[in-house]
Amino acid sequence: MKKQITFIVGGLAAAWLAGTPALAAEKLTLYCSPQIEWCNLMVEAFEKETGIDVAMTRKSSGETFAQIKAEARNPKGDVWWGGTGDPHLQAAEEGLTEEYTSPVFDKLHPWAQNQAKSASMKTVGIYAGALGIGYNKELLAAKGLPAPESWADLAKPEYKGEVQIANPNSSGTSYTTLATLVQIMGEDEAFDLMKAMHKNVNQYTKSGSAPIKAAARGETTIGITFMHDMVTQVVNGFPIEIVAPTEGTGYEIGSMSIIKNARNMESAKKFYDFALNADIQTRAREAKAYQVPSNSGATPPDESPDLTKLKLIDYDFAKYGSSAERKRLLKRWDDEVGSLPR
Amino acid sequence: MNKFVALWLAVGLIGFFVLPWYTTDDAFVSFTWLRDGWPLDADYAPAIIQIFAHGKIWLAPLILFFAAVVPVLRGNPSDRLFAATLTFAGAGGLVFLLLQGFTIGIAGWEYASLEALFGPVERQFGMGAGAVLVAAAFLFLLTQGFAARGYVGGDLFVAGSIGLIIALITAFVFFPVSRILVSAFQDNQGVYAFSLFAEKISDSKIWGLRCLSENVSCGVAWNSLMLAVSVGIGSTLLGLAFALVTTRARLKMGKAFRVLTVLPIITPPFVIGLAMILLFGRAGVVTQFMASTFDIPPTRWIYGFTGIWLAQMLAFTPIAFLVLIGVVEGVSPSMEEAAQTLRADAWTTFSTVSFPLMRPGLANAFLLGFIESMADFGNPFVLGGNYGVLSTEIFFAIVGAQNDQGGAAVLAIVLLAFTLTAFYVQRRWVGKKSYVTVTGKGDAGLHAMLPKRLTWLIFAIVIPWTFMMLVIYCMVMFGGFVETWGRDHSFTMRHYADAFSVTTGEHGLIWSGAAWNSFWTTISISAIAAPLTAGLGLLTAYLLVRQRFAGREAFEFGTMLSFAIPGTVIGISYILAFNIPPLELTGTGIILIICFMFRNMPVGLRAGVAAMSQLDKNLDEASLTLGANSFTTVRNVILPLLRPAIAAALVFSFVRAITSVSAVIFLVSADYHMATAYIIGRVENGDYGLAIAYSSVLILVMLAAVSLVQLVISRRKLGRRTAVAGAEQAGAVAT
Amino acid sequence: MTIKSNAASVRFDAVTKAFGDVVAVDQISLLIEPGKLVTLLGPSGCGKTTTLRLIAGLEMATGGQIFIGDRDVTKLPATDRDVAMVFQSYALFPHMTVGENVAYGLKVSGVKKPDAQARSQDALNLVGLADLGDRMPSELSGGQQQRVAVARALVLEPQVLLFDEPLSNLDAKLRRRVREEIREIQQNLGLTVIYVTHDQEEALAVSDDIVVMNNAVIAQIGTPRELYEVPSDAFVADFIGEANILDCEIESVAGDMAQVRLGDIVMQLPALNLAPGPAQLAIRPRRVDLHAEAVAETLPGTLLKATYVGTHMEYRIETAHGEIFAISGDVDDLHHANSEIRVGFRDPGPVLIPAA
């Protein structure tokens, strides 16, 4: 009977593709959230140094967090490397990640250490990126607009319909901006500013880095994102100018966590230590990654904004990373800003 | 000796005594399990060894269910005891298999109460080849039991097919979907909270209607609904226009049209959206041209409803076209000829006969367009602007800054309610009228020409649309060859080299391009999924159209369910359901194939239903009375007459497998990385060149596949005259 | 001729078929002898087609038992029953040639290709389509398609051959010819044939026995002559040919004979197991005599209408017992409309049927 044959063929095909986590000793499953080049660079370098076989999957930090949460009862990944710090903190808060202190820990910048300490060592900072304002200088010139210099400038009426920022409900970047404004000027004032800015915002994008890409291609004039995303556009040849707001700015800490009950715990720790090394962090530039590395011995890329020259605020990751505060601020944003008519 | 019982008993015993019981990594296919300690090793041992050597004593009772079958091996199917025994053994075996699978997991007992009762047990992993064979054996023994009781006319093939599909749909649609829908009623800590559900589902973000009076966005539910209805209607009409042009207008270039119309279907997501931004965006080519020539100020009109609508029309019209072309061709020419002889002019013939006969097809096309639009993620993501729709909201509820899985589930319920309502309305509209037009009587007529007025109208729509498509595709192809799309248009082959370079090393060719890995995975997974998907869809269509059995409605509902649920929800629900035993599939290629099968099967199903309801049932019955069993009938009579539907189903499942995104994002793993997931990574990173280059290659591959399928199996061979041969044969027919 | 017959009997034992609440066939019991051509006759919706499909195995009985030969086939699917069926729509496979259509049943039963070809050629010869094996069905006329369908069924040498209104798509002349051909083949080969039709003339012409069905039950089974001449009730009398149904009174019964009164007329008729009391008479129009002058044992009436139809005259007469329809072969000696007339009955003529 054909049916049986079909079944057998189907079974063989199924069997051919079947595969579950391996039993081989030296193996590592890496969830990687930054751009693929950087992930590949890390994997190649790590495989070369240790001989451990790395299976790497690149997904955005939100997707990875969702996946780790879904897989919690039977973890498939070992290390989660990169991506903005908030979901890492949240994973720590929900007990999805493992406590670990690397021997390299002492060599890290204080902001990276603080990140780890605020999550009882369940995550650690591997790079930092500051928020900024980017604009398309050609478009700005064509419209004869002044260059924005501060957060407050963004509410000026001449920028009507020219500003793009992500929706804080969907984007960690935008939430960081929201929290930054609150920390700089106080909550009510921050919301007043955002309400005033609302008329200037032509779109609240879903993804955090979308505004600067839109600005690069001339779809909007001004975009608010992390500065290293702006650097990428500049390097790609787009007419983007980067502005560090005069009031000061907030930042994200790209983080790394070991997944709880990882199947290859030894390999995971090896990778963890490896990723915090100065050498490998210095090589990030090769992958067009312009964030500031967390190892104090690593050299930041020349194109990176110099964090020491920015007016960085003392960002309270513990407070603004907690679910409760996040929910409250997002609700207020929805009620007071998101629902405004334009 | 009953050979069917014997066969499935043998299959089951092989599963129990020979094959590895638990999942075995890649070892199973590479056959390394044969030399790596099988049959005694704990990883590769069959059930029988697991029982005696590895303490899995709870597997032992399974053998009793097999033993129960032995006495009826020589039994007579019309014997009551025969039926009862098979039913008992099959059902009992299945239930027991599932019970042990769900109660004993990777940490021993899943429920503390059971541990208290029975004491601790060994842990076990997911079911492997052995367990799958045993499950199949029990399932088909059970369906034989039902058949022997006279269920579905005692037909083994039909009973087995129904059983198989029910089992598959339960396992791969209802089970995972129920896992995520349950979370709609839970808070983030997993505690049931119905008040929270009530609060979430009545949220003004979903249902708000302030847009009617003020300049703010409406609730996402209304946005989605409006979009889906417009896209459903639009794509159906446009698809009909294209179907009429290719079949009725007697164009020399009909074939070229056919290829062109399916082009969007084979385009990876995001690509059309990106091309539209580069054309019509504020800085787009067209916009800038209009600004400099006619002084029309550039605006962002493309972001929002209009943009999504255009992009979805581009993307989904081909689906309507594929459904409708079979229907348009299937309308019996003699009915049109009859109308003409009744003094109806071309327009009356079309509007009173041809068009109403196409009604089931139109309803199907609308339904597909509607559901596709509802579940589409890529286009609203790129072009949505501030126009939020359910699918994007669901995605960002899960992966966004809020990580609100419950909220996503609530939105998914709303979405599901819409799609199922559409499904119901469609059913009501088509009603119970008979649309049989391919009967067992030879039908030698010619399709009526289209009325003049309609022809002009259709050309007025089709030609500009085709032109726009050509421009967009030129844009896309062009984008792969320039340094930075939309900025630096100097020619380069860099992107293709990055993705698809091949170098020679000491051991022959080295596929050094970055895209090869995901490319081969995508092609092979899709190639495996396509025939399985089409087969499953058409088999289901056959059961639905041709068989009467208890629970048919529920059965149909189940098959539509996974299609109606957005990919994101399916993706997450698959991880929730298949990450732990008994079905441990995450990280494998199988989970991708299964996901494709059940997400895309409804397309084959709808195409099959539409085509099959035009086939006279007497044809199958004639075959049955001539001694063919229902399987032979399906193969020899129905399938050959369904060639267009099969072609559509095959092409569509292959292509959708390659181009699907939202579900795949969650299911790809290091070893099984799919092209779309890779492309999205590139797009996120602003590396459009490589994304476009990769997409162009995929388009070409799919185009080749589509042409091949079209060539091999497309038109029905019904002996209808062609326009040229018509006159000569007219005499011969008049005998 | 290499097409043989494996004729077997068909037996129904209190067979019932219900579709939900609708009972299509109600407790039917029936025996069809091997080698006979039996017609299932009745108005639309009487259950005749369902009965045929029950034999074919295309419907499954909800109660009772069906036997073909000695074999209980009640739960057997169509595939496993040794029957073949000719459909009203012919159901020729449009994607196969005529030859492939005819050989189909042999092919799926595993007959070797050369054998199958030879046998299907025999079958095509039998129906007079020897040269058309390579044509597509759409290239044939209706009558030819019909014959292909017959050949396709015959070639399997089934125990029972079923016809579902096979002639309804043909014109009148062709219909007469084809039905004669079917009858001839059936008799030459000694096939058991069960034939569904709603056309009583067709049924009378081809059948050994006719099963008249009405409202899901059998109204009467008999030879054409029995049905025509001794209908068992008003329905049969009226459905088979035409009949005048008149109310009468059975005055007494002696042995097999009854004394029946209709107005002034007193007749001795076979009692057919009826008891004294009210009853009805069924009288064929050709068994009615008209007299211009008064004759004994006749009914008075008024001639309403006289119609000349070539071969005979048709008359409608108003009497005290109702309207009577009469046919007379005498086209020369005419009665005129609106004249007073006497109506008499021939012997044999009136048949007793139970009161309605």
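Biologist: Over which residues of chain B does pLDDT stay under 50?

Modeller: A word on conventions comes before the reply. This is a predicted model, in which local features need pLDDT of at least 70 and side-chain atom pairs count only at pLDDT 80 or more, while totals for chains, interfaces and linings use all residues. Residues are numbered from 1 along each chain as its sequence is written, and chains are lettered from A and ligands numbered from 1 in the order in which they are written. pLDDT is the predictor's confidence in each residue, from 0 to 100. Where pLDDT is low, the predicted coordinates should not be read in detail. In chain B, residues 719-735 stay under 50. The model has 26 contacts beyond four places in sequence for that stretch, two residues being in contact if their C-beta atoms, placed from the backbone, lie within 7 Å.

Biologist: Which chains share the most contacts?

Modeller: Two pairs of chains are in contact, and chains A and B share the most contacts. Chain A and chain C are joined by no contact; their closest C-alpha atoms lie 13 Å apart.

Biologist: How is the packing of two helices to be described, and at what angle do helix H31 (residues 643-659) and helix H34 (residues 688-712) of chain B cross?

Modeller: Two packed helices are described by the angle between their axes and the distance between the axes. Axes are lines fitted to C-alpha atoms, for helices over the stretch in contact, and angles run from 0 to 180 degrees between N-to-C directions. The axes of H31(B) and H34(B) cross at roughly 165° and come within 10 Å. H31(B) and H34(B) are therefore roughly antiparallel to each other; angles under 35 degrees count as roughly parallel, over 145 as roughly antiparallel, 65 to 115 as roughly perpendicular and the rest as oblique. Their crossing is right-handed: a crossing is left-handed if the near helix is turned anticlockwise from the far one by less than a right angle, and right-handed if clockwise.

Biologist: Which residues of H31(B) and H34(B) meet?

Modeller: On H31(B), the residues are B:Ala647, B:Leu650, B:Val651, B:Phe654, B:Val655 and B:Ile658; they meet B:Leu698, B:Met702, B:Ala705, B:Val706, B:Val709 and B:Gln710 of H34(B). By class, this contact has eleven nonpolar residues, one polar and no charged. Ala, Val, Leu, Ile, Met, Phe, Trp, Tyr, Cys and Pro count as nonpolar, Asp, Glu, Lys and Arg as charged, and the others, Gly among them, as polar.

Biologist: At what angle do helix H2 (residues 98-108) and helix H3 (residues 113-126) of chain C pack?

Modeller: The angle is about 125°, and the axes are 9 Å apart. H2(C) and H3(C) are therefore oblique to each other, and their crossing is right-handed. Among the residues that meet are C:Val102 and C:Leu106 in H2(C) and C:Arg119 and C:Ala123 in H3(C). The residues of this contact comprise six nonpolar, three polar and two charged.

Biologist: How far apart do the C-alpha centres of the two domains of chain A lie?

Modeller: Domain bounds come from an automatic or database domain assignment. For chain A the assignment gives domain 1 (25-128 + 252-305) and domain 2 (130-251 + 322-338), with C-alpha centres 27 Å apart. Contacts join 14 residues of domain 1 of chain A to 13 residues of domain 2 of chain A. On the domain 1 side, helix H4 (residues 85-93) of chain A gives the largest share, four residues.

Biologist: Where is the cis peptide bond to C:Pro348 placed?

Modeller: The bond runs from C:Asp347 to C:Pro348, with omega near -5°. C:Pro348 is in the loop between strand E19 (340-345) and strand E20 (351-354) of chain C.
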